[in-house]
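Student: I am new to this structure. Please show it to me, and then we can go through some questions.

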Amino acid sequence: MSLRNSYYKIKEELAAACAASGRRAEDVALIAVSKTHPVVMVEEAALLGQVDFGENRIAELEEKRTATEKSLQWHLIGQLQTNKVKLLHEKTILHTLDRISLAEKLAQRFTPQNPIRCLIQVNCSNEPQKSGVSAADFFSLVDSVAAQSAIEVLGLMTLAEHSDEESVVRQAFQTLRTLSEKVQAQRIFPSYAGWLSMGMSGDFKYAIQEGATHVRIGSAIFGTRPTV
Ligand SMILES: *Cc1c(COP(=O)(O)O)cnc(C)c1O
């Protein structure tokens with residue numbers, strides 16, 4: 001299938017999933033995950049009207065960001081090492097703030113006048129190999145981040161467990177939504193926007209039903225990636 005056809009197909013599927021959950025299509029943003037794919041594919045998707053793009057490595061994100069239109073919005077959705085914070089552009093949205101040491105580094109690099117926009121990544125399924133703060137440590141991370149006015153927290157992000165069991169996948173999304181509602185109720189972050197970045201090619205339907213505001217979709221748009 002051409003990129004054009006895959007793109008329109010996924011847009012339709014997103015709209016259908018929103019309709020099935022009684023949600024408006026414009027309330028769920030599509031982040032096109034272009035990792036491993038060349039700049040020309042980003043440009044092709046941009047010509048179809050796509051604005052938000054996600055990458056999981058900062059160097060690759062920077063390569064594509066600097067090679068494409070300034071009007072595109074980039075999202076870093078993979079782990080960021082503290083020694084690479086200097087590579088993070090101020091307009092990029094970081095979905096993977098998951099530890100105090102990273103928050104401290106970000107606070108050194110950015111300023112309250114020119115803050116960095118972030119989502120806190122939560123390991124909702126408590127898988128040992130997975131990044132993200134555990135639900136148990138979530139509120140202590142939240143408190144540290146709240147003390148840093150150079151960080152603007154917009155919402156939360158998670159990756160669901162890879163499972164054929166619908167209830168297992170949904171559980172992670174529900175956990176994220178519940179944490180977000182608590183953050184919102186306690187008015188912890190002045191700029192909090194209730195973003196829930198959750199759902200990928202294989203599980204976005206459940207994520208939308210559970211309240212996702214941003215889905216991160218790669219292979220369903222750009223095709224399968226070369227395995228590394
Ligand atoms: C690669 C990636 C995605 C997209 O995955 P697909 O299954 O290709 O849609 C979403 N989120 C994160 C964090 C990723 O690394």
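Student: Which residues surround the ligand?
Tutor: This is a predicted model, in which local features need pLDDT of at least 70, side-chain atom pairs count only at pLDDT 80 or more, and totals for chains, interfaces and linings use all residues. Residues are numbered from 1 along each chain as its sequence is written, and side-chain values use heavy atoms, with hydrogens and water left out. A residue counts as near a molecule if one of its heavy atoms lies within 4 Å of it. The ligand is surrounded by V33, K35, I77, M157, M200, S201, R216, I217, G218, S219 and R225.

Student: How far from an oxygen atom of the ligand is the polar side-chain atom of K35?
Tutor: A polar contact is a pair of N or O atoms within 3.5 Å. For G218, a polar backbone atom is 2.8 Å from a ligand oxygen. For the polar side-chain atom of K35, the distance to a ligand oxygen is 2.7 Å.

Student: How much of the area that the ligand exposes when taken alone does the protein bury?
Tutor: Accessible areas come from the Shrake-Rupley method with a 1.4 Å probe. Taken alone, the ligand exposes 390 Å². The share of this buried by the protein is 90%.

Student: Why is the pair of F138 and F139 called edge-to-face?
Tutor: Rings of Phe, Tyr and Trp (its six-membered ring) pair if their centres lie within 6.5 Å; planes under 30 degrees apart count as stacked, over 60 as edge-to-face and the rest as tilted. By this rule there are four aromatic pairs. The ring centres of F138 and F139 are 4.9 Å apart and the planes stand at 80°, so the pair is edge-to-face.

Student: Is F139 buried or partly exposed?
Tutor: Buried means under 20% relative accessible area, exposed over 50%, and partly exposed in between (1.4 Å probe, protein chains only). F139 has a relative accessible area of 25%, so F139 is partly exposed.

Terms used. A polar contact is a pair of N or O atoms within 3.5 Å; within protein, one must be able to donate a hydrogen and the other to accept it, and residues adjacent in sequence count only if both atoms are side-chain atoms.
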